[in-house]
Amino acid sequence: MRYFLSFCFLFIYCLCPAQERFLDLIFEVAPALTETYAVKDAEALKLDIYTPKNDTARSRPLIVFMHGGGFSGGSRAHEDLVKFSQQAARKGYVAVQISYRLTRKGRSFGCDYEASGKIETFQKAAEDFMDAVQFLITNAEKYRINPEQIIVGGSSAGAEAVLNAVYNPQLMFSEPGKYKNIDIDGVFSLAGAIVDARYLTAKNAVPGVFFHGTKDKLVPYATAPHHLCEPGAPGYLMLDGSKTIAQKLKDLNTSYLLYSFEGGQHEHSGMPFNELDQVFDFFHRVFLNKEQLQIEVGR
C-alpha cells in the first residue's frame with residue numbers, strides 16, 4: 001500500500017506543470033517598503049518597493065513604474081498600479097512605483113500652455129524618474145536587485161517622462177552622462193510619446209512594449225500635435241507616439257511589442273490586465289533572455 005501511494009504521488013506530481021519564475025505567480029508578496037529617493041523643491045519624493053516574500057534569490061530583476069495624471073495628479077498607490085506591482089512581485093520581480101514632482105498641479109497642460117513649458121515639464125519628470133532608478137541601483141544590494149536587469153515603464157504622463165528619458169536623453173538632460181551607469185533592458189509604455197524620434201538611434205534603441213489607442217486625442221498614437229493643438233496655439237508641440245517609436249525600433253532591428261486599439265482613445269493608458277500574461281512573456285523572452293521579437297497586435 002505504501003508503494004502504491006508513493007507511485008500515485010509521483011504520478012500526480014509529474015502531471016503538474018512546473019512553475020517558472022518570472023512567468024507564474026509563485027510567491028506571496030511582502031509588505032511594501034516606502035523610501036524617500038530624493039528631496040526637491042522642499043518635497044520628499046517617495047517610492048514603494050514590492051518584493052517576493054520568502055524569496056531566497058540574492059539578485060532579482062527590477063521593474064520601475066511611473067503613474068500618469070497629466071503631471072498634475074495621479075498616485076503611485078492607485079489600486080491598478082498596486083495590483084500590477086503585486087503580480088510582478090509574485091512572479092519574482094522587485095517592482096517599484098514612484099512619485100514625482102507634479103509641476104502642473106492646479107494648472108493647465110493643454111493647448112494654452114506654451115510648448116517650451118511642456119518640454120521643461122517632461123525634463124523635470126524624466127530627471128525625477130532617473131534619480132529614482134539611480135537610488136535603487138545605489139541600494140541594489142539592500143533590496144536584492146540585479147542592476148543589469150532593469151525594466152522601466154509608465155502610463156500617460158508617466159510614460160512620456162520614461163520614454164523621453166530613455167529615447168531622448170539629449171533633449172531631457174543638461175548632462176546626459178549623469179546617468180551613464182544606468183543600463184535599461186526594456187520599456188513598458190501605456191499611451192506614451194516622445195519629443196523627437198529622430199534622436200532614437202542604435203545606441204539607445206531599447207526594446208519596448210507599447211499600448212495605444214489609434215484615436216488618442218491627448219497623446220498621439222503616431223506623429224501628431226500633443227492634445228491635437230492647432231498650429232499657432234501656444235501649446236502646439238509635435239510628438240512621436242507608440243506607432244512611430246515602434247516603426248523606428250523596427251527599422252533599427254530592435255525588438256518591440258505593439259498593441260494598437262483601433263478607434264481607441266486615451267483609456268488605453270490604463271493597466272492592460274487582460275494582456276499581462278503576454279506582456280510578462282515578452283519581458284521574460286526579450287528583456288531578460290535577449291530573444292529577438294517584433295510583434296504587432298491589432299484590437
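**Ser189 and the overall fold**

Q: Leaving aside neighbours within four places in sequence, which residues is Ser189 in contact with?
A: The model is a predicted one. Contact here means heavy atoms within 4.5 Å. With its neighbours within four places in sequence set aside, Ser189 is in contact with Gly154, Ala159, Leu163, Val209, Phe210 and Phe211.

Q: Is Ser189 buried or exposed?
A: Ser189 belongs to strand E6, residues 186–190. Its relative accessible area is 1%, and the cut-off for a buried residue is under 20%. Ser189 is therefore buried.

Q: Which residue's backbone nitrogen does the side chain of Ser189 reach?
A: A polar contact needs N or O atoms within 3.5 Å. At 3.4 Å from the side chain of Ser189 lies the backbone nitrogen of Gly192.

Q: Which residues of helix H7 are buried?
A: Helix H7 covers residues 242–251, and just after it Asn253 takes a positive phi of about 60°. In an α-helix, residues three or four places apart point the same way, because there are 3.6 residues a turn. The buried residues of H7 are Ser242, Thr244, Ile245, Ala246 and Leu249.

Q: How far apart are the end C-alpha atoms of residues 47–170?
A: An unreviewed UniProt entry lists residues 47–170 as "domain: BD-FAE-like". This span is 44% helix and 22% strand. Its end C-alpha atoms are separated by 26 Å.

Q: What is the radius of gyration of the protein?
A: The protein has eight helices and 12 strands. For 299 residues the globule rule gives 19 Å, and the protein's value is close to that, so it is as compact as a globular protein of that length. The radius of gyration is 20 Å.

Conventions: Residues numbered from 1 in each chain as written. Predicted model: local features only at pLDDT ≥ 70, side-chain atom pairs only at ≥ 80, totals over all residues. Heavy atoms only, no water. UniProt positions renumbered as here; feature names shortened; annotations may be inferred. Helix = DSSP H or I, 4+ residues; strand = E, 2+ residues; numbered from the N terminus. Buried < 20%, exposed > 50% of the residue type's maximum accessible area, 1.4 Å probe, protein only. Polar contact = N/O pair within 3.5 Å; in protein donor to acceptor, adjacent residues only side chain to side chain. Rg over C-alpha atoms; globule rule 2.2 N^0.38 Å.
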